[in-house]
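Subject: Model handover and findings

Hi,

Please load it before reading on.

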Amino acid sequence: MNRIVMTNAQGPTSPHRLTILGSTGSIGTNTVDVIRQLGGRDRFEVMALTGASNIDLLAQQARDLGVKLAVTSQEDKYAALKDALAGTGIAVASGQSGLDEAASMDADWVMAAIAGTPGLEPTLAAARRGANIALANKECLVSAGDVFLRAVAEGGGQLIPVDSEHSAIFQCLEPHNRKAIERIVLTASGGPFRTHSREQMAGVTADVARAHPNWSMGLKVSIGSASMFNKALEMIEAKYLFDLSPDQIEVIVHPQSIIHSMVAYTDGSVIAQLGCPDMRTAIAYALTYPARGDIEVERLDFARLARLDFEAPDEVRFPALRLARTALQRGGAQGAVLNAADEAAYHAFVDGQIGFLDMADIVETVMDRMNDGRTAQTIEDVLAADAQARTYARETILNKQKAA
Ligand code: NDP
Ligand code: MG
């Protein structure tokens with residue numbers, strides 16, 4: 001079962017009608033910029049946009065792109081969005097039903113860029129109705145990989161990765177040589193604490209942890225880059241996208257973030273995709289696939305770059321990678337559990353309730369507690385595992401706070 005490789009061989013679908021789930025975020029605003037650069041309203045008919053708290057930006061994007069529907073996920077922001085779009089003829093909706101409405105609009109492409117688990121259900125709905133999915137929301141695959149891939153297959157749309165590492169692998173994959181893939185190599189910048197000791201990491205705050213050396217991203221991904229939980233999610237994402245076994249997924253720390261990931265073949269060849277660290281390249285690739293757009297991002301200057309460095313990841317300082325491997329080996333609902341426990345731990349860290357290193361402890365405790373063979377074959381299985389993991393994570397957080 002390797003839909004990405006199959007779809008890679010199938011060829012073009014031009015994204016004329018597009019919906020952006022999460023248009024006000026980091027990926028969302030980059031997507032809007034790429035759309036502008038690729039020809040804007042002359043080339044794309046943007047059907048629906050969704051956001052959550054940033055109503056001013058959502059309304060401005062909706063007006064600029066002339067969309068049909070603007071949605072805020074927050075019910076209490078409905079009136080503000082309605083006011084901001086009064087007289088434009090743009091329909092307004094809110095909450096879960098609004099997100100579902102946006103996902104079911106007749107767009108042939110959907111950019112899935114809501115952060116975290118809230119992105120799962122609208123993205124699934126879009127996949128089920130056969131939309132082509134440009135997937136930034138890795139949580140869809142991490143927590144509901146089998147369910148999501150089945151929805152894509154049944155809907156009949158294409159699934160193109162937007163996460164830069166997975167876009168890189170997608171670009172390096174030779175569909176006709178699927179059996180000759182030995183392994184994939186995900187690159188990781190190592191984040192702001194690459195050279196920190198565990199003692200130094202123990203005391204860092206969210207403000208320090210969010211300062212990524214190379215990429216500008218949303219808060220969750222930035223914290224996840226510092227803890228390497230983002231890479232942990234990406235290992236599981238890769239398993240589903242490219243149908244790999246756990247031992248085919250390698251992670252290497254590459255501090256410059258120039259090589260975005262690689263595919264190693266059985267003849268000893270390794271094919272890499274390189275570029276300046278700018279998500280607009282991967283976004284443009286997804287939106288123009290299998291052609292390539294012409295967009296203004298910084299070009300690589302090899303002479304100025306001079307060198308590329310690599311180091312083996314340290315799984316003692318960054319246990320997230322070990323936990324991802326454990327989740328991959330255990331299978332079943334462990335991806336959903338890791339993802340939900342990580343989200344709960346991340347919120348507790350950002351709120352100052354726990355320390356940076358506690359995040360991995362919490363995820364490991366919850367994963368072990370839920371290592372009971374439960375499966376994730378239906379959306380109900382996934383949501384139940386997710387809810388249980390959050391409950392256990394909250395208990396573990398409280399215990400840590402009491403002990404501190
Ligand atoms: P951001 O936090 O920057 O943006 C998240 C988007 O989702 C915003 O539009 C936000 O609205 C909206 N949102 C927040 N909460 C909810 C909710 N409960 N329901 C519906 N919508 C909500 O995230 P990123 O753009 O960084 O990340 C988006 C996804 O892309 C994530 O899955 C991430 O892992 C993935 N990704 C991100 C990368 C990056 O460079 N940023 C790289 C690779 C993958 P508002 O802002 O209006 O509150
Ligand atoms: Mg990534």
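**Ground rules**

This is a predicted model: local features need pLDDT of at least 70, side-chain atom pairs count only at pLDDT 80 or more, and totals for chains, interfaces and linings use all residues. Residues are numbered from 1 along each chain as its sequence is written, chains are lettered from A and ligands numbered from 1 in the order in which they are written, and side-chain values use heavy atoms, with hydrogens and water left out.

Helices (H or I, at least four residues) and strands (E, at least two) are DSSP runs, numbered from the N terminus. Two strands pair if DSSP finds at least two bridges between them. Contact means heavy atoms within 4.5 Å. Axes are lines fitted to C-alpha atoms, for helices over the stretch in contact, and angles run from 0 to 180 degrees between N-to-C directions.

**Seven-stranded sheet**

This sheet is open, and its seven strands run in the order E4-E3-E2-E1-E5-E6-E7. The pairing is parallel. From one strand to the next, the twist averages 15°.

Five bridges link E1 (residues 17-21) with E2 (residues 45-51) in the parallel sense. Threonine 19 sits opposite alanine 48 of E2. Two helices to look at here are H3 and H6. H3 (residues 55-65) packs on the sheet and touches E2 and E3 (69-72). The direction of H3 makes about 175° with that of E2. H6 (residues 120-128) also packs on the sheet, touching E1, E5 (109-112) and E6 (132-135). Its direction makes about 145° with that of E6.

**Valine 32**

Valine 32 belongs to helix H2 (residues 26-37). Is it buried or exposed? Its relative accessibility is 16%, so it counts as buried (buried means under 20% relative accessible area, exposed over 50%, partly exposed in between; 1.4 Å probe, protein chains only). Leaving out residues up to four places away in sequence, valine 32 touches Ile20, Gln61 and Leu65. Leucine 65 is 33 residues away in sequence, with 8.6 Å from C-alpha to C-alpha.

**Four-stranded sheet**

A further open sheet has four strands in the order E9-E8-E10-E11, with mixed pairing. E9 (249-253) and E11 stand at the edges with a single partner each, so one side of each has no neighbour in the sheet. Neighbouring strands are turned by 20° on average, direction ignored.

E8 (residues 181-188) and E10 (residues 259-265) run antiparallel, joined by five bridges. Isoleucine 181 stands opposite tyrosine 265 in E10. H8 (residues 164-172) packs on this sheet, touching E8, E10 and E11, and its direction makes about 40° with that of E10. H12 (residues 229-242) packs on it too, touching E8 and E9, at about 155° to the direction of E8.

E10 is largely enclosed by the rest of the structure, because seven of its seven residues are buried. Leucine 186 has serine 261 of E10 as its bridge partner. E10 also pairs with E11, antiparallel, over five bridges. Methionine 262 has alanine 272 of E11 as its bridge partner. E10 and E11 form a hairpin with four residues between them. In that turn, glycine 268 has a positive phi of about 95°.

**Helix H11**

H11 (residues 219-227) is mostly covered, with seven of its nine residues buried. Its buried residues pack against H10 (206-209), H12, H15 (320-330), H16 (334-350) and H17 (358-369). Just after H11, methionine 228 takes a positive phi of about 70°.

**Voids**

On a 1 Å grid over the protein atoms alone, a cavity is a set of points where a 1.4 Å probe fits but cannot get out; a pocket is an open set with protein on both sides within 12 Å along at least five of seven lines; lining residues have an atom within 4 Å of a point.

The second largest pocket holds about 330 Å³ of space. Its lining has 17 residues, and the closest to its centre are Thr281, Arg292, Ile295, Val297 and Arg299. H13 (279-288) and E11 (270-274) each supply at least two lining residues. H13 gives the most, with three.

There are four cavities of 30 Å³ or more. The largest cavity has about 70 Å³. Among the residues lining it are Ser227, Phe229, Arg317 and Phe356.

Best wishes

Methods. Points joined across faces, edges and corners; volume = space filled by probe spheres on them.
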